[in-house]
Amino acid sequence: TVTRTIWVLGNWKQNLLREPAAQLAEAVAAGLPGALGGVTGVRAGIAPTYLALDRVAPHTGDGVAAPRLLAQDVAAQDSGAFTGEVGPAMLREAHVSAAIIGHSERRAQFGDTDELVARKLASALAGGLDVVLCVGERLEQRDAGEHESVVISQLSAALAKLPPELEPSRVAVAYEPVWAIGTGRTATPEQASSMHAAIRAWLDAEGHRGADRSLLYGGSVKPTNATELLAAGDIDGFLVGGASLDPRSFLDIVTCAA
Ligand code: PEP
């Protein structure tokens with residue numbers, strides 16, 4: 001039997017100055033052992049802005065009941081003449097253990113094409129970071145019945161050209177339908193679960209060991225819908241935006257998973 005880690009990850013986006021970020025991290029860290037209730041197969045993580053990483057880091061760690069520290073993005077290259085970019089070695093030095101890559105907000109507004117996402121993935125893995133790779137269709141693509149082909153093509157673009165030495169054993173996939181992000185409209189448990197099954201089948205078919213891979217769902221996850229999403233099967237946790245800015249909501253989602 002396969003035991004995949006269940007992840008509950010908070011994506012704080014462009015929110016919180018350093019002091020409130022430190023306070024939120026402290027509240028999450030303080031409440032996490034209680035929210036987990038001794039369950040060890042569930043892990044939490046938080047992704048503040050780059051500038052808050054050093055204030056948040058003391059409240060994070062690799063222990064089972066500590067939140068892990070994530071970055072919201074990473075440069076496609078290690079260092080050099082790339083104004084405004086932050087590379088994987090810089091993130092590791094700031095105690096970051098994993099990066100979110102390919103978030104739909106970056107794809108839609110900051111030019112993160114499939115090609116750039118693939119280069120960021122290779123850069124992160126080569127630089128020793130774990131990765132949460134985000135994929136998801138837009139509303140018109142779902143309405144046209146193209147949701148599975150869109151998501152599989154995003155996955156394939158990111159993973160197909162990875163050099164063999166970067167076999168993506170440290171990649172979790174987050175399925176985030178764009179129409180469910182920040183909209184209050186969650187995918188139904190059946191929609192999420194059936195997409196996850198399709199992703200896992202594709203990973204298996206391509207030799208990426210789908211059974212070992214944590215597949216997260218994201219899109220308006222709250223304490224009130226987390227339990228039914230997890231019960232649908234094939235969903236190994238969540239990437240949480242809005243609800244992760246409130247420690248009680250975030251920790252309640254952790255409790256649903258534990
Ligand atoms: C996200 O942006 O990753 C996300 C899931 O946001 P929200 O929970 O606010 O829909």
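The model is predicted: local features need pLDDT of at least 70, side-chain atom pairs count only at pLDDT 80 or more, and totals for chains, interfaces and linings use all residues. Residues are numbered from 1 along each chain as its sequence is written. Eight strands close into a barrel with parallel pairing.

**Barrel**
- The strand order is β1-β2-β3-β4-β5-β6-β7-β8.
- From one strand to the next, the twist averages 25°.
- Strands here are DSSP runs of E with at least two residues, helices are runs of H or I with at least four, and both are numbered from the N terminus.
- Two strands pair if DSSP finds at least two bridges between them.
- β6 (residues 171-175) and β7 (residues 215-218) pair in the parallel sense over three bridges.
- A174 has L216 in β7 as its bridge partner.

**Helices on the barrel**
- Helix α8 (residues 189-205) lies across β6 and β7, at about 145° to β6.
- Helix α10 (residues 247-257) lies across β1 (6-11), β2 (42-47) and β8 (237-240), at about 165° to β1.
- Angles run from 0 to 180 degrees between N-to-C directions, with axes fitted to C-alpha atoms, for helices over the stretch in contact.
- Contact means that the C-beta atoms of two residues, placed from the backbone, lie within 7 Å.
- The buried residues of α10 are P247, F250, L251, I253, V254, C256 and A257.
- They pack against β1, α1 (18-36), β2, α9 (223-231) and β8.
- A residue is buried with 20 or more other C-beta atoms within 10 Å of its own, exposed with 12 or fewer, and partly exposed in between; C-beta atoms are placed from the backbone.

**Annotated site**
- K13 sits in the loop between β1 and α1. K13 is partly exposed because it has 17 C-beta neighbours inside 10 Å.
- G242 sits in the loop between β8 and α10. G242 is also partly exposed, with 19 other C-beta atoms within 10 Å.

**Ligand shell**
- Of the 13 residues around the ligand, I181, G182, G218, G241 and G242 come nearest.
- A residue is near a molecule if its C-beta atom, placed from the backbone, lies within 6 Å of it.
- The shell has five nonpolar, seven polar and one charged residues.
- Nonpolar means Ala, Val, Leu, Ile, Met, Phe, Trp, Tyr, Cys and Pro; charged means Asp, Glu, Lys and Arg; the others, Gly among them, count as polar.
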